[in-house]
Amino acid sequence: MNYLTDTDKVILLSGTVGLGIGLVVSAQEIALDRWLDNKWLGWDAAVSRTVVSAIVWALLLGAASFLTMLYEPTKSLAEINQETLRLGAVMILLLPITTRLMNRMLQSAGRLLRPDQREG
């Protein structure tokens, strides 16, 4: 017996994709921190960062799917599923790299605006 409606399945898929995005993005950020900056914050920080990232992404994508169904009733559930998966793929590929680039640019701009402050 199937208790879930098609709408429930779309929201659960979005939440699951969000969990996956959170886990992968957090793992990529931790790996980039270790590889590029040679810093390791420890297992406690890595696990807490990963758990928070997964929960936030799951809630974000689940809510986005729900709001899409609510405010765009003409959009089919299959289209919402495809958009969720597409967004997930884009976020996994681009988010860690763009976040790191933006941080570097902001640090450089900060050093230009306040040259009297030194790193470290």
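The structure holds one aromatic pair, where rings of Phe, Tyr and Trp (its six-membered ring) are taken to pair if their centres lie within 6.5 Å, with planes under 30 degrees apart counted as stacked, over 60 as edge-to-face and the rest as tilted. This pair is formed by W40 and W43, whose arrangement is edge-to-face, at 5.2 Å centre to centre and with 80° between the planes. W40 is partly exposed at a relative accessible area of 38%, whereas W43 is exposed at 64% (buried means under 20% relative accessible area, exposed over 50% and partly exposed in between, with a 1.4 Å probe and protein chains only). The model is a predicted one, in which local features need pLDDT of at least 70 and side-chain atom pairs count only at pLDDT 80 or more, while totals for chains, interfaces and linings use all residues. Residues are numbered from 1 along each chain as its sequence is written, and side-chain values use heavy atoms, with hydrogens and water left out.

Helix 1 (residues 6–37) and helix 2 (residues 43–71) have axes that come within 7 Å and cross at roughly 145°; helices are DSSP runs (H or I, at least four residues) numbered from the N terminus, and their axes are lines fitted to C-alpha atoms over the stretch in contact, with angles running from 0 to 180 degrees between N-to-C directions. The contact of helix 1 with helix 2 has 14 nonpolar, ten polar and three charged residues, where Ala, Val, Leu, Ile, Met, Phe, Trp, Tyr, Cys and Pro count as nonpolar, Asp, Glu, Lys and Arg as charged, and the others, Gly among them, as polar.

Within helix 2 lies S65, which is buried, with a relative accessible area of 3%. When residues up to four places away in sequence are not counted, S65 touches V10, S14, I80 and T84, contact meaning heavy atoms within 4.5 Å.

Note on methods
Helix = DSSP H or I, 4+ residues; strand = E, 2+ residues; numbered from the N terminus.
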